[in-house]
Amino acid sequence: MALNGEVGIWSRIHPTALSLFRRSLSYFPLSYSFSFDHPISIRFCTRQPVRVFHMEVAGSDSDGSEFKNADEMWRQHTGDDNKKTQWYRDGVSYWEGVEASVDGVLGGYGHVNDADVKGSEAFIQTLFSELFVDGGIGRHLVALDCGSGIGRVTKNLLIRYFNEEFTPDAGRYDVIWVQWCIGHLTDDDFVSFFKRAKIGLKHGGFFVLKENIARSGFVLDKEDRSITRSDIYFKELFSRCGLHLYKSKEQRGLPKELFGVKMYALVTDMPKKRSKTQVNRPAIIK
């Protein structure tokens with residue numbers, strides 16, 4: 001049965017990356033209709049220059065090779081246009097062989113879906129109460145599900161809170177949700193994506209990024225061409241994107257053999273603290 005609403009995103013990222021995002025995990029499509037019988041449409045954009053930074057965190061890959069820092073790893077795997085194109089093509093090849101189901105997109109751990117959704121819902125309810133007047137009650141809310149894959153997050157969480165109608169205008173979205181997909185982007189494409197996407201946030205809106213977390217540095221999975229970043233790695237990238245970390249929370253209830261998972265609420269400007277006025281407080285009549 002088709003769900004009501006549409007989700008979409010626009011981005012200046014590597015053109016081959018966009019072909020990856022069309023697959024069973026359609027990362028950052030420019031327009032993705034959330035009625036499952038509708039096609040995905042994508043418009044390609046050219047890349048824009050990105051300022052060079054140096055990420056001084058050591059890491060390793062799935063073969064056990066070690067890197068002094070992230071820059072060394074990125075130079076080896078995406079150091080020129082041909083390597084970068086191959087990086088995304090390898091990702092395409094991997095996901096073409098994955099079943100488009102909850103169990104498939106969760107790597108055989110479909111049973112963690114309920115814990116994931118409950119953790120996300122508790123986090124977003126906290127953000128509503130802190131960032132939106134009256135917790136967003138009575139407000140027409142619009143969300144964007146990036147890397148929506150088979151629609152698992154929208155179907156189980158976002159559709160219950162947002163009236164989703166895809167209109168790619170500036171200042172359109174209250175929440176832009178990015179989960180388990182940003183690891184396929186190189187650092188420069190990560191920064192480029194968020195710099196473009198934040199234009200779509202309404203005043204007072206926010207991003208939620210939910211991702212696997214490495215204990216330190218980073219871990220490169222050479223099979224699916226994804227990188228698991230550490231908390232400090234993410235925070236450095238957030239700074240490059242011009243975003244502020246408002247709140248973060250660890251996901252609970254997942255199997256111990258998996259990477260830890262963390263949720264980040266990101267804002268373009270830190271909200272002012274609300275005055276703690278006391279209303280309807282009992283007082284002595286004078």
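F190, F193, F194, F207, F234, F238 and Y264 form one aromatic cluster. The model is predicted: local features need pLDDT of at least 70, side-chain atom pairs count only at pLDDT 80 or more, and totals for chains, interfaces and linings use all residues. Residues are numbered from 1 along each chain as its sequence is written, and side-chain values use heavy atoms, with hydrogens and water left out.

**Aromatic pairs**

- Rings of Phe, Tyr and Trp (its six-membered ring) pair if their centres lie within 6.5 Å; planes under 30 degrees apart count as stacked, over 60 as edge-to-face and the rest as tilted.
- The count by this rule is 13 aromatic pairs.
- F193 and F194 make an edge-to-face pair, at 4.9 Å centre to centre and 70° between the planes.
- Both F193 and F194 are buried, where buried means under 20% relative accessible area, exposed over 50%, and partly exposed in between (1.4 Å probe, protein chains only).
- The ring centres of F238 and Y264 are 5.2 Å apart with the planes at 70°, so this pair is edge-to-face.
- Because F238 lies in helix α8 (residues 231-241) and Y264 in strand β12 (residues 260-267), the pair ties together parts that are 26 residues apart in sequence.
- Helices (H or I, at least four residues) and strands (E, at least two) are DSSP runs, numbered from the N terminus.
- F238 is buried at 2% relative accessibility, and Y264 is buried at 0%.

**Charges over rings**

- A charge sits over a ring if NZ of Lys or CZ of Arg is within 6 Å of the ring centre and within 35 degrees of the ring normal.
- The charged end of R139 sits over the ring of F132, 4.2 Å from its centre.
- The charged end of R229 sits over the ring of Y233, 5.4 Å from its centre.

**Largest pocket**

- The largest pocket has a volume of about 930 Å³.
- Of the 37 residues lining the largest pocket, V105, L106, W180, N212 and D224 are the closest to its centre.
- Elements that give two or more residues to this lining include α3 (81-96), β8 (201-213) and β10 (226-229).
- β10 gives the most to the lining, with three residues.
- A pocket is an open set of points on a 1 Å grid over the protein atoms alone, where a 1.4 Å probe fits, with protein on both sides within 12 Å along at least five of seven lines; lining residues have an atom within 4 Å of a point.
- Grid points are joined across faces, edges and corners, and a volume is the space filled by probe spheres set on the points.

**T78**

- T78 lies in helix α2 (residues 70-78) and is buried, with a relative accessible area of 14%.
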